[in-house]
Amino acid sequence: MKLEIVAKNYRVTDKLEQILTGKTKRLDKYFPDDNTPCKVVMTDLGRQCKMEISINYHGTHIRSEVVGDTMYYNIDAALPKLERQLVKHREKLNKSHKMPERPAEYEFVSDVEVAPLTIAKTKRFAVGTMTAIEAAESLELVDHDFFLFVNSATGNVEAVYRRKDGTIGLLQPYIE
């Protein structure tokens, strides 16, 4: 696994980098090739620290985000979370490809129960054509975390959403 460490307002010590490298090596058993990119973003939020670990493997994005007091605690919280997602993904692939399940030993996770995903509710609604600024204003009027609209400039379905820091974000999906 190719580890890329990005620090935002944070200084990564050699010891922290060494611990992070050693603990992420344990995830190599899930990836057959050594060139799988693993990106770790560390951010200082003042009194707390945020760590985001994301792995992109053949178009599948697996991501874990943790906020805690120190980066050392964040490593111990983020890696089991990431491994649970990898186990879920592997089990889903095994079921879809009808491959026989192999017993595996997991270093971080024990007794994981995987509940099947279900759609609890389906809702239909009309989307209006407007600009991104108008959509942001409409988001302020409704008490939701996001607002879907058709962008009058591009003609695409886009979304504005309320970020954790209170600002507004814009999602512009595209087909690869």
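Colleague: Which residue in S4 does Met51 stand opposite?
Modeller: This is a predicted model. In it, S3 and S4 run antiparallel, joined by 9 bridges. Across that pairing, the residue in S4 that stands opposite Met51 is Val66.

Colleague: Which residue in the hairpin of S3 and S4 takes a positive phi?
Modeller: Strand S3 covers residues 49-57 and strand S4 covers residues 60-68. The hairpin has 2 residues between the strands. The phi in question is near 50°, and the residue that takes it is His58.

Colleague: How far apart are the closest N and O atoms of Arg63 and Glu52?
Modeller: Arg63 belongs to S4 and Glu52 to S3, 11 residues apart in the chain. A salt bridge needs a side-chain nitrogen within 4 Å of a carboxyl oxygen. Arg63 and Glu52 form one, with their closest N and O atoms at 2.9 Å.

Colleague: How many salt bridges are there by this rule?
Modeller: The pair of Arg63 and Glu52 forms a salt bridge. By the rule, the count comes to 6.

Colleague: Why is one side of S1 and of S4 left without a neighbour in the sheet?
Modeller: The open sheet has the order S1-S2-S3-S4, with mixed pairing. S1 (2-8) and S4 stand at its edges, so one side of each lacks a neighbour in the sheet: each has a single partner strand.

Colleague: What does the twist average from one strand to the next in the sheet S1-S2-S3-S4?
Modeller: That sheet is open and holds 4 strands. From one strand to the next, the twist averages 15°.

Colleague: Which residue in S2 is the bridge partner of Val6?
Modeller: S1 and strand S2 (residues 37-44) run parallel. They are joined by 7 bridges. In S2, the partner of Val6 is Val41.

Colleague: At what angle to S1 does helix H1 run?
Modeller: Helix H1 spans residues 14-24. It lies across S1 and S2. Its angle to S1 is about 140°.

Colleague: Which residue in S8 is the bridge partner of Ala159?
Modeller: Strand S7 (residues 157-162) runs antiparallel to S8, and 4 bridges join them. In S8, the partner of Ala159 is Leu171.

Colleague: How do the residues lining the largest cavity divide?
Modeller: The whole structure holds 1 cavity of 30 Å³ or more. The largest cavity has about 40 Å³ of space. Its lining is Met1, Leu3, Thr21, Thr24, Lys25 and Asp28. They divide into 2 nonpolar, 2 polar and 2 charged.

Conventions. Residues numbered from 1 in each chain as written. Predicted model: local features only at pLDDT ≥ 70, side-chain atom pairs only at ≥ 80, totals over all residues. Heavy atoms only, no water. Pairing = 2+ DSSP bridges. 1 Å grid on protein atoms, 1.4 Å probe; cavity = no way out; pocket = protein on both sides within 12 Å on 5 of 7 lines; lining within 4 Å. Points joined across faces, edges and corners; volume = space filled by probe spheres on them. Nonpolar A, V, L, I, M, F, W, Y, C, P; charged D, E, K, R; others polar. Axes fitted to C-alpha atoms, helices over the stretch in contact; angles between N-to-C directions. Contact = heavy atoms within 4.5 Å.
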